[in-house]
Amino acid sequence: MTAAAHVPLHARQMDGLERALLTIAVMLATLMQVLDTTIANVALPHMQASLGVTQDTINWVLTSYIVASAIAIPITGWLADKVGRKRLFIWAVVAFTVTSMLCAAAQNLPEMVLFRALQGVAGAFIVPLAQAVLFDINPPENHGKAMALFGGGIMIGPILGPVLGGWLTDSFNWRWVFIVNLPVGIAATVMLLRFLPRTGTLSRRFDLFGFALLALAIGGLQMVLDRGEQVDWFNSWEIWIEAGVSLSCAWMFIVHMLTGRSPIFDPHMFNDRNFAVGLLFMAVTGVLLLAGLALLPPLLQQLLGYSVLDSGFLTAPRGIGTLISMLIAGRLVGKVDTRILIFTGLVLMAVSLWQMAGFSLQMDSRPVIVSGIVQGLGLGLIFVPLQTLAFATLAPHYRTTAASLLNLARNVGGSIGISMVTTLLARNIQTSHADLASHVTPFKLPVAEPALLQQFGSAGDSALALLNAEVTRQAAMVAYIDDFHLMMLLSLAALPLVLLLRRPRQAGGAQPVLAD
């Protein structure tokens with residue numbers, strides 16, 4: 001391998017215009033990939049009708065993408081070393097664009113699942129490579145600003161996805177949620193070909209055994225999280241088998257990484273305390289970001305009566321708050337202790353979730369907007385300083401692998417968070433419904449007496465159905481509030497992790513470490 005293989009790109013000749021255009025290309029690719037994780041969600045009912053499948057099977061359109069992406073993320077660092085970062089980045093963008101077109105042309109469910117899985121593999125490489133490139137093309141004093149820009153795409157993508165997907169589906173058809181990637185992918189590819197500098201390669205053995213163990217562990221975990229609610233969790237043998245495979249493979253992977261000669265991840269990476277704690281923090285960030293996004297749209301649409309587009313616009317203030325705080329954090333990193341910024345972000349997250357726990361069925365849109373802005377401010381103050389701090393003391397030749405692990409931690413945390421809140425929501429709705437129904441007695445509400453209702457015939461049946469619907473609606477609101485309380489407690493529980501972070505001696509990060 002050449003000595004320049006891991007020299008940060010900003011150390012080479014690159015003027016301001018080239019850096020700006022390369023940044024645009026990187027962010028176009030990132031936004032395209034991040035949008036696609038959520039843009040297809042609102043189109044699922046239309047896909048189901050078009051492809052002629054059931055509600056359970058159409059979810060494989062989402063599951064195949066998530067599982068394939070999660071399995072592919074860990075090999076990003078090895079592939080970048082093997083073929084070169086520029087070549088891998090360009091091929092990932094091209095493959096993502098092509099598979100998007102294949103998804104748009106799919107005629108049945110097997111085709112759609114296959115193309116979505118291939119799209120997930122290609123997309124898995126884009127975000128870690130984009131993050132590593134932004135670190136490399138910017139001098140250390142600008143790393144905070146670079147992460148603010150990168151975080152904007154990561155955080156705002158899941159918020160804009162449902163809005164854009166709903167508009168495209170309503171105005172055209174579901175296939176356009178994939179076709180929209182074509183012009184973005186072409187533009188990003190052309191600009192990357194022109195401006196992304198070529199890096200050297202490193203020939204190292206591929207740890208097939210370690211990768212297989214990690215793939216089975218991640219795949220098993222994703223299947224448990226995706227299928228658990230549908231098959232009643234551990235009352236199903238399927239979940240027991242998948243959980244057993246995931247746990248046993250995860251344990252064997254840890255032992256192999258610590259004792260193997262050439263593991264897929266260099267265990268010395270995890271000696272960096274900021275990076276190790278950053279992985280935990282990123283998992284918590286994934287829970288807070290993606291679990292909240294999973295709860296809010298159905299609450300707005302099913303209980304408060306907003307349309308798909310209106311509910312999307314009501315989540316937009318969260319993105320606005322994120323943008324504002326990221327711009328602020330990008331300027332403060334290096335001037336203010338980053339641990340203070342992360343602590344403040346977690347406190348703001350807890351405050352916003354406390355506000356959301358005060359939602360009611362009679363409220364207008366104001367509490368949703370205010371809590372969304374506060375939550376966005378908190379997310380931005382967590383994400384930018386955390387990314388900067390996690391890389392600050394890490395050797396540059398670990399950046400691509402470290403970026404892939406941080407993204408994997410966020411995705412796994414998000415999957416666990418979504419599964420956790422949706423499971424608790426379903427169970428708490430049943431519990432709250434039974435509790436509320438027990439208070440609807442013939443002494444407190446005479447119309448609830450079945451004998452009396454029978455005297456009114458079909459009108460009595462309608463009255464009973466309306467009463468049950470209102471009890472269910474109230475029970476669902478209580479269940480949502482319980483979930484928001486739980487997420488608030490999680491935010492507060494993460495505060496002590498800040499104490500484990502260390503302030504780096506120099507804000508810009510470690511000096512370049514050249515490989516032999």
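A: Let's start with a trio: W167, F172 and W176 make up one aromatic cluster. Here, rings of Phe, Tyr and Trp (its six-membered ring) pair if their centres lie within 6.5 Å, and the planes are called stacked when under 30 degrees apart, edge-to-face when over 60, and tilted for the rest. By this rule there are 7 aromatic pairs.

A quick word on the ground rules: this is a predicted model, where local features need pLDDT of at least 70 and side-chain atom pairs count only at pLDDT 80 or more, while totals for chains, interfaces and linings use all residues. Residues are numbered from 1 along each chain as its sequence is written, and side-chain values use heavy atoms, leaving out hydrogens and water.

Now for some pairs. A pair of aromatic rings is described by the distance of the centres and the angle of the planes. Take F270 and F275, a tilted pair with 6.0 Å from centre to centre and 45° between the planes. Buried means under 20% relative accessible area, exposed means over 50%, and partly exposed is in between (1.4 Å probe, protein chains only). F270 has 27% relative accessibility, so it counts as partly exposed. F275 has 0%, so it counts as buried.

Then there's F359 with F484, an edge-to-face pair: 6.0 Å centre to centre, with 75° between the planes. This pair links distant parts of the chain, 125 residues apart. F359 sits in the loop between α15 (338–356) and α16 (366–392), while F484 belongs to helix α19 (residues 458–493). Helices are DSSP runs (H or I, at least four residues), strands are E runs of at least two, and both are numbered from the N terminus. Both F359 and F484 are buried.

The chain has 516 residues, and 53% of them count as buried. Contact means heavy atoms within 4.5 Å. Among contacts between residues at least 6 apart in sequence, 85% join residues at least 24 apart. As for the surface, the chain exposes about 22100 Å², with 67% of it supplied by carbon and sulfur atoms; accessible areas come from the Shrake-Rupley method with a 1.4 Å probe, and for residues only the protein chains shown count as cover.
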